[in-house]
Amino acid sequence: MDEDEIPPNRVTFKNIEEKANSLQELLTEPVFARLMRGHEKFADAEDLEARFRATNSVHPFVPAWYELLDSARRSREAGSMQVSEEATFLLGLQFALYRLSQSDHYKAILESLIDETQFFSTLFELFVFITYSFELQQHVTFVPVSTIKGERRPDLVFKSIDGAPVYLECKSMRDDVRVEQQVWLDIQAAIARKLKNSPLSLAVAISANSRLRPRDGDAIIDAASDVINNYPRLTRADTDEFTVRVNKILESDQHMEMPFEVRALDGADSMMNGGDYYQVNIDGVEKGFARKLWKIDTFTYPDTDQAERIVNLIKGASKQLPRDAPGIIHLQIPYRDPRHFQSVLDEVKSAVEGESSKRPHVCAIVITGRFLNKDKHRKAGSDPILSFHSVIPNYAASFVLPQDFRLLGSHPDMMIINENGFETPIEMGREGYLLTEFKPDSELSDHEGAHIVQYCSRDGRRQINIWQDFNKRARVEIWHEEAGHHTLDIDLSQIRLGKTNKALVTWNRRGISFVINGIEVIKSYGGDD
C-alpha cells in the first residue's frame with residue numbers, strides 16, 4: 001500500500017512515534033500526569049517480581065504506555081512494525097481522541113479514562129464510536145452524562161434522517177477480568193519472593209478451581225508458602241478452591257549451563273521464572289551457569305459458565321437503554337485468539353438469545369473480540385487488528401431499526417452471481433439456497449479463519465455465514481426471523497486446496513443442509529434422524 005493510500009487511522013513503523021506523541025498531547029498534560037501517577041515504580045522495577053507488584057499498583061495505562069514506547073523503539077530499529085497487542089490497542093485511542101477533540105463530550109471521555117474501573121470499557125466505547133462514525137459513516141454521538149444522582153444513561157446515540165434515535169450501550173469484560181488478573185499478579189509476586197529466598201530449586205504450579213476474587217489471594221499464598229517451606233515432606237496442597245503442586249528442578253549440588261529454555265507446562269495460562277546465575281571462564285571462554293532455578297506456572301479457572309458473566313453485562317446494559325426507543329448492546333470479550341473467541345460464543349449464544357428475548361427494547365446484541373494479527377501488523381498500512389463481531393438479533397424486539405441505520409458487524413452489500421451470470425444483491429427469504437465458489441490457497445492455522453460467505457443484513461435479522469474455522473473445520477450459520485436460527489459444524493476434508501470448490505447451503509423452516517463439490521456433507525432438518 002502506498003503511503004498516500006494509508007487511511008488516517010492506520011499505524012505504520014514510520015508514523016508510530018508521531019502517533020504516540022500525538023496521543024500524549026491529546027490526553028492533555030494534566031490527564032496524562034494522572035494516568036501515569038506512580039509510573040516510576042513500574043519503570044524502575046529490577047526484576048519480574050517487582051514488575052508484577054508495580055503493575056498492580058498503577059493505572060492500566062502505565063504498562064500499556066511503556067509497551068508502546070518500547071514497540072516504537074523496536075519498530076524504528078527493525079524498519080518494520082514490531083508492536084505488541086497492548087500497544088496497538090492503545091494507539092487506536094489516538095485516532096478516536098483526534099476525531100473527538102473538538103467535541104463537547106471530550107472532557108467527560110478523558111475523565112472516564114482516568115477512572116481505573118472504566119478504562120477498558122471507555123476504550124471499547126471509543127472503538128465502537130469510531131467504527132460507526134468513521135468506518136460505517138453513521139451519525140453517532142456520545143450521550144451526555146446524567147447530572148441526576150444514580151441515573152445511568154446509554155453511551156451513544158444514532159440519529160436517523162427523520163430524527164428517530166437508536167441508543168447504543170457498550171460493556172467490556174476486560175474491566176471484570178482485570179480484577180482477577182490483579183489477584184494472580186499478587187500471588188505470583190509473593191510466591192516468586194518466597195522461591196528466591198528458598199535454598200532449593202523449585203517449580204510451583206497453581207490451579208484455580210473457581211474464578212479468583214481479591215479475598216482468595218492470601219489463602220493461596222499461605223498454602224504455597226507452607227509447601228515450599230516443608231518440601232519435600234510436603235509436595236502439594238489441595239482445597240476446594242485451588243491446588244498447589246511443588247516439584248524440584250535441580251538437585252542442591254547440580255548446576256545448569258546456559259543458555260537453556262524454560263517452558264511453561266502444557267495448558268498453563270502464564271509462567272514466570274528466575275534463578276541465581278554466575279559466570280565462569282573455561283579455557284578462555286566465558287560460560288554462564290545457574291546454581292538455582294525457580295518457576296511458577298498458573299492455571300486459571302476455565303470458567304465454563306461464561307454465560308453468567310455475559311448475562312449480567314446484558315442485564316446492566318439493558319437498564320441503561322431507554323425503553324421507548326430501539327437499543328443495541330455491544331459487548332467485548334477479551335480472549336486470546338479467534339479460536340478461543342468462537343468457543344466462548346458457542347458456549348454463551350443460547351443464553352444471550354434467551355436473555356435478549358426478555359427485553360423488547362433491545363433489537364440486537366453484538367459481541368466483539370479483537371486480536372492482533374502477528375503477520376499483517378508488519379505490513380505498512382494494513383490493519384493489524386482482527387475484529388470479530390457476532391450479531392445476535394432479538395426477534396422479540398418491539399422496535400424496528402431505521403432504514404438508514406447500519407449495525408456494526410453487518411455485511412449487507414454482499415453480491416452473488418445469479419443463474420444468468422450477473423451479479424445481484426443477495427435476498428434472503430424464509431426458504432432458499434446460496435451457491436458459492438471459493439479457492440483456498442493453503443491450510444489455515446489454529447488461530448486464523450476465513451469467511452467463505454459473510455452476509456448480515458443492516459439490522460442483523462437475516463444472516464448467512466459460512467467460514468472455514470480451524471484445521472479443516474467449518475461452520476454454517478443461518479439467522480432468519482421465519483426460518484429460525486440454525487448452526488452446523490462441518491468437516492472440510494472434501495475441500496481441494498488450490499482448486500475451485502463449490503458450496504451449496506439450503507435453508508427453510510425445518511433446518512439447513514450443506515453440500516460441497518456435489519457431496520452432501522451434513523444436514524439438520526426437524527424430523528430427520
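This is a predicted model: local features need pLDDT of at least 70, side-chain atom pairs count only at pLDDT 80 or more; totals for chains, interfaces and linings use all residues.

Mentor: Residues are numbered from 1 along each chain as its sequence is written, and side-chain values use heavy atoms, with hydrogens and water left out.

Trainee: How many disulfides are there by the distance rule?
Mentor: The rule asks for a pair of cysteine sulfur atoms within 2.5 Å. Applied here, the count of disulfides is zero.

Trainee: Is C170 buried or exposed?
Mentor: Buried means under 20% relative accessible area, exposed over 50%, and partly exposed in between, using a 1.4 Å probe and protein chains only. The relative accessible area of C170 is 2%, so C170 is buried.

Trainee: Which element gives the most residues to the lining of the second largest pocket?
Mentor: On a 1 Å grid over the protein atoms alone, a pocket is an open set of points where a 1.4 Å probe fits, with protein on both sides within 12 Å along at least five of seven lines, and lining residues have an atom within 4 Å of a point. This pocket is lined by 29 residues, and Q118, E125, R152, D155 and Q320 lie nearest its centre. Elements giving two or more residues include α8 (119–135) and α11 (306–320), where helices (H or I, at least four residues) and strands (E, at least two) are DSSP runs numbered from the N terminus. With four residues, the top contributor is β3.

Trainee: What is the volume of the second largest pocket?
Mentor: Grid points are joined across faces, edges and corners, and the volume is the space filled by probe spheres set on the points. For this pocket that gives about 720 Å³.

Trainee: How far apart are the end C-alpha atoms of α10?
Mentor: The expected span is 1.5 Å times one less than the number of residues. Helix α10 has 13 residues (217–229), so its span should be 18 Å. Its buried residues include G217, I220 and I221.

Trainee: How many salt bridges does the structure hold?
Mentor: A salt bridge needs a side-chain nitrogen of Lys or Arg within 4 Å of a carboxyl oxygen of Asp or Glu. One of them pairs E67 with R74 (3.8 Å, N to O). The count for the structure is 19.

Trainee: How many residues apart in sequence are the parts that R34 and E111 tie together?
Mentor: The two side chains meet in a salt bridge at 3.9 Å, N to O. R34 is in helix α2 (residues 29–35) and E111 is in helix α7, so the separation of the parts they tie together is 77 residues.

Trainee: Which residue just after α5 takes a positive phi?
Mentor: Helix α5 covers residues 61–78, and its end C-alpha atoms are 25 Å apart. Its buried residues include F61, W65 and L68. Just after α5, a positive phi of about 70° belongs to G79.
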